[in-house]
Structure formats: C-alpha cells, structure tokens
Amino acid sequence: MIILGLDPSLSCTGWGVIRTEGSRLVHLANGQVKTDPKAPMAERLAQLYREVSEVIAAHSPDRAAAEEVFVNKNPQSTLKLAQARGCVLAACGASGLAVNEHAARLVKKSVVGTGAAEKSQVQAMLKILLPGAKIAGADAADALAVAIADAHLTRPG
C-alpha cells in the first residue's frame, strides 16, 4: 500500500510518500511545494494543484491522507489555508485518489504516543520510523507524519 501524506498550506505544502509492507514502513519520497507570496492568488493555487498532481502521477499512491482543517485566530489565515487545502484535495480527487482526514492531535498521538507532542518530537520519531530518509523540511516532515498516522489508523479493506 502506497500512501501520500499531505500538509496543505498556501506558502509551503508538504508531501510525503510511504509504502507499508505489513507493519513495516518504507520511505519513498518527500518534498515541499513553495509558492511565491508576491504572486497572484490564482497563480499560487494553480501551482499547488499542478505540483501535487505531478507528485501523484510520479508515485501512484493507493490513497492520500491530510490533516483535518483547524481554525486559526486570524480569519484571513484560515481562508488562505482552506483555499490551499481545496486545491490539494482537488488534485487528489481529479486523480481518483481517496483522501482520509485525521486530526492533528491524532496524528501526533499515532506517531509519538501523545497528542501534545512538539514538532521536534515528531521529527525525532520520523528518524526512527523511516531510517535514512532525507526530509526536505518541516512541512514535508508533517506530511510524512500524516502518512504514517494514516497507515496506523486506517485498516485495509
């Protein structure tokens, strides 16, 4: 089973691809889609859609997983996140890819053992769970964590 984990954001969307072999996890790839903050919104959203579609085409995942949306204190930030998330989910939908959504606390609990884990703890566990993986950055690390959580939380069937 190949799982694509996604951490959508307008400025930098993280992605990570893992393969499950029984209870074993294998790192396949990860990266980040960074958009130019000075570019028009439509251009940035088109870039997210295009690049996530390219990742899907390159790795042929069986399913995708993303964190459930959370509401920021700043309504503008929430709106931008929702637009970016929509593009990422649309790229999955256009590719016929089912997307599971998981709460951030559940992702942390699944990977680290506690829902209150810090980002540094999640990244430390990734080094243990995916030995030798070169992680492209914090957003890619978050996406890999989502993929791992999905592997643990979603039963085949």
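Visitor: How much space lies in the second largest pocket?

Guide: In this predicted model, the second largest pocket holds about 160 Å³ of space.

Visitor: Which residues lie nearest its centre?

Guide: T20, G22, A151, T154 and R155 lie nearest the centre, out of 12 residues that line the pocket.

Visitor: And what is the lining like by class?

Guide: The lining of that pocket has five nonpolar, five polar and two charged residues.

Visitor: Helices now. How do you describe two packed ones?

Guide: By the angle between their axes and the distance between the axes.

Visitor: OK, at what angle do α4 and α5 cross?

Guide: Roughly 65 degrees, with the axes of α4 (residues 119-129) and α5 (residues 138-153) coming within 10 Å. Angles of 65 to 115 degrees count as roughly perpendicular, so α4 and α5 are roughly perpendicular to each other.

Visitor: Which residues make the contact?

Guide: From α4, K119, V122, Q123, L126 and L129; from α5, A138, A141, D142, L144, A145 and I148. By class, this contact of α4 with α5 has eight nonpolar, one polar and two charged residues.

Visitor: Is that crossing left-handed or right-handed?

Guide: α4 passes α5 in a left-handed crossing.

Visitor: What about α1 and α2, left-handed or right-handed?

Guide: The α1 and α2 crossing is right-handed. The axes of α1 (residues 41-59) and α2 (residues 75-94) cross at roughly 35 degrees and come within 9 Å.

Visitor: Which residues meet there?

Guide: On the α1 side, M41, L45, L48, Y49, V52, S53 and I56. Their partners in α2 include K80, Q83, A84 and C87. By class, the contact has 13 nonpolar, two polar and one charged residues.

Key
Residues numbered from 1 in each chain as written. Predicted model: local features only at pLDDT ≥ 70, side-chain atom pairs only at ≥ 80, totals over all residues. Heavy atoms only, no water. Axes fitted to C-alpha atoms, helices over the stretch in contact; angles between N-to-C directions. Helix = DSSP H or I, 4+ residues; strand = E, 2+ residues; numbered from the N terminus. Parallel < 35°, antiparallel > 145°, perpendicular 65-115°, else oblique. Left-handed = near helix turned anticlockwise from the far one by under 90°. Contact = heavy atoms within 4.5 Å. Nonpolar A, V, L, I, M, F, W, Y, C, P; charged D, E, K, R; others polar. 1 Å grid on protein atoms, 1.4 Å probe; cavity = no way out; pocket = protein on both sides within 12 Å on 5 of 7 lines; lining within 4 Å. Points joined across faces, edges and corners; volume = space filled by probe spheres on them.
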